[in-house]
Amino acid sequence: MIIDDQPLLRAGVAAIISSNADIALVGETESERDAMELLRDLQPDVILMPVQRPIMNSIDAINRMLSEHPQAKIAILSTHPKELQMLQAANARACAYLLKNALHTDLVDTVLALAAGQHLLPADVKVDSIAQVRSGPLSSREWQVLRWVAKGRSNRQVAQLLTISEGTAKGHLHNAMRKLGARNRTQAVSIAMQRGVIGVEH
């Protein structure tokens with residue numbers, strides 16, 4: 001099953017898959033919301049989905065899909081070969097990372113390998129780098145707090161905006177800093193922007 005909002009890309013994937021008798025495209029959709037319903041109905045072996053901005057959205061989507069269909073293998077599609085995105089994808093339990101401009105050469109082999117139970121990640125994703133993000137991806141609430149901090153809001157203002165206590169806001173920010181390996185809130189925002197957790201425009 002493929003999830004992507006670009007009709008041309010979905011058509012290209014369908015054309016590549018149709019050339020291999022061992023693979024069938026059982027469904028496609030442009031939105032992750034519709035994907036959940038398709039997932040329940042179709043029970044695909046492999047799911048192809050794009051990286052979203054902020055990356056936290058993709059991590060949440062992957063975790064939701066695998067919570068309902070844990071045997072599925074997910075391959076992340078992206079136009080940006082950033083190692084940090086690969087690391088985040090790995091941390092979100094995705095099994096492979098594909099560049100969209102390499103689908104014509106890598107798609108079939110990747111889908112067959114995932115269906116056979118293999119876990120694929122690019123060779124340049126170093127083990128020591130993966131260890132640095134083993135504390136886990138940011139939760140939705142941690143991401144929300146960090147996004148407001150990036151806009152210059154104080155802990156009290158963040159708490160008011162999210163309708164939580166100031167102590168809870170501080171706790172979420174502390175957890176985000178720990179996961180990002182940041183010493184302070186400014187460094188946390190800088191690291192999050194570099195890693196694609198929050199966009200430059202926030």
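How many of the 202 residues of the protein chain count as buried? In this predicted model, local features need a pLDDT of at least 70 and side-chain atom pairs count only at pLDDT 80 or more, while totals for chains, interfaces and linings use all residues. Residues are numbered from 1 along each chain as its sequence is written, and side-chain values use heavy atoms, with hydrogens and water left out. Of the 202 residues, 48% count as buried, where buried means under 20% relative accessible area, exposed means over 50%, and partly exposed lies in between (1.4 Å probe, protein chains only).

The protein chain contains 10 helices and five strands. These elements are DSSP runs numbered from the N terminus, with helices (H or I) of at least four residues and strands (E) of at least two. Among contacts in the protein chain with a separation of 6 or more, 62% involve residues 24 or more positions apart, a contact being defined by heavy atoms within 4.5 Å.

The pairing of helices α8 and α9 was examined next. Two packed helices are described by the angle between their axes and the distance between the axes. The axes of helix α8 (residues 155–162) and helix α9 (residues 166–180) come within 8 Å and cross at roughly 105 degrees. Helix α8 is therefore roughly perpendicular to α9. Axes are lines fitted to C-alpha atoms, for helices over the stretch in contact, and angles run from 0 to 180 degrees between N-to-C directions. Angles of 65 to 115 degrees count as roughly perpendicular, those under 35 as roughly parallel, those over 145 as roughly antiparallel, and the rest as oblique. On the α8 side, the contact is made by N155, R156, V158 and A159, and on the α9 side by E166, A169, K170 and L173. By class, the residues of this contact divide into four nonpolar, one polar and three charged. In this scheme, Ala, Val, Leu, Ile, Met, Phe, Trp, Tyr, Cys and Pro count as nonpolar, Asp, Glu, Lys and Arg as charged, and the others, Gly among them, as polar.

Because R156 lies in helix α8 and E166 in helix α9, the pair ties together parts that are 10 residues apart in sequence. R156 is exposed, with a relative accessible area of 54%, whereas E166 is partly exposed at 28%. The loop between α8 and α9 holds T163, which has a positive phi of about 55 degrees although it is not a glycine. At a relative accessible area of 72%, T163 is exposed.

Side chains of opposite charge can pair when their charged atoms come close. A salt bridge is defined as a side-chain nitrogen of Lys or Arg within 4 Å of a carboxyl oxygen of Asp or Glu, and a search of the whole structure finds five. In one of them, R10 pairs with E28, the closest N and O atoms being 2.8 Å apart. R10 belongs to helix α1 (residues 7–18) and E28 to strand β2 (residues 28–29), so that the pair links distant parts of the chain, 18 residues apart. R10 counts as buried at 12% relative accessibility, while E28 is partly exposed at 36%. Another salt bridge joins the side chains of E68 and R40 (2.8 Å, N to O). This pair links helix α3 (residues 55–68), which holds E68, with helix α2 (residues 32–42), which holds R40, across 28 residues. E68 counts as partly exposed at 42% relative accessibility, and R40 is likewise partly exposed, at 45%.

Two loop residues complete the description. Q71 is placed in the loop between α3 and β4 (73–78) and is partly exposed, with a relative accessible area of 48%. Leaving aside neighbours within four places in sequence, Q71 is in contact with Q43 and D45. Q43 is found in the loop between α2 and β3 (46–50), and its phi is near 50 degrees, a positive value in a residue other than glycine. At 41% relative accessibility, Q43 counts as partly exposed.
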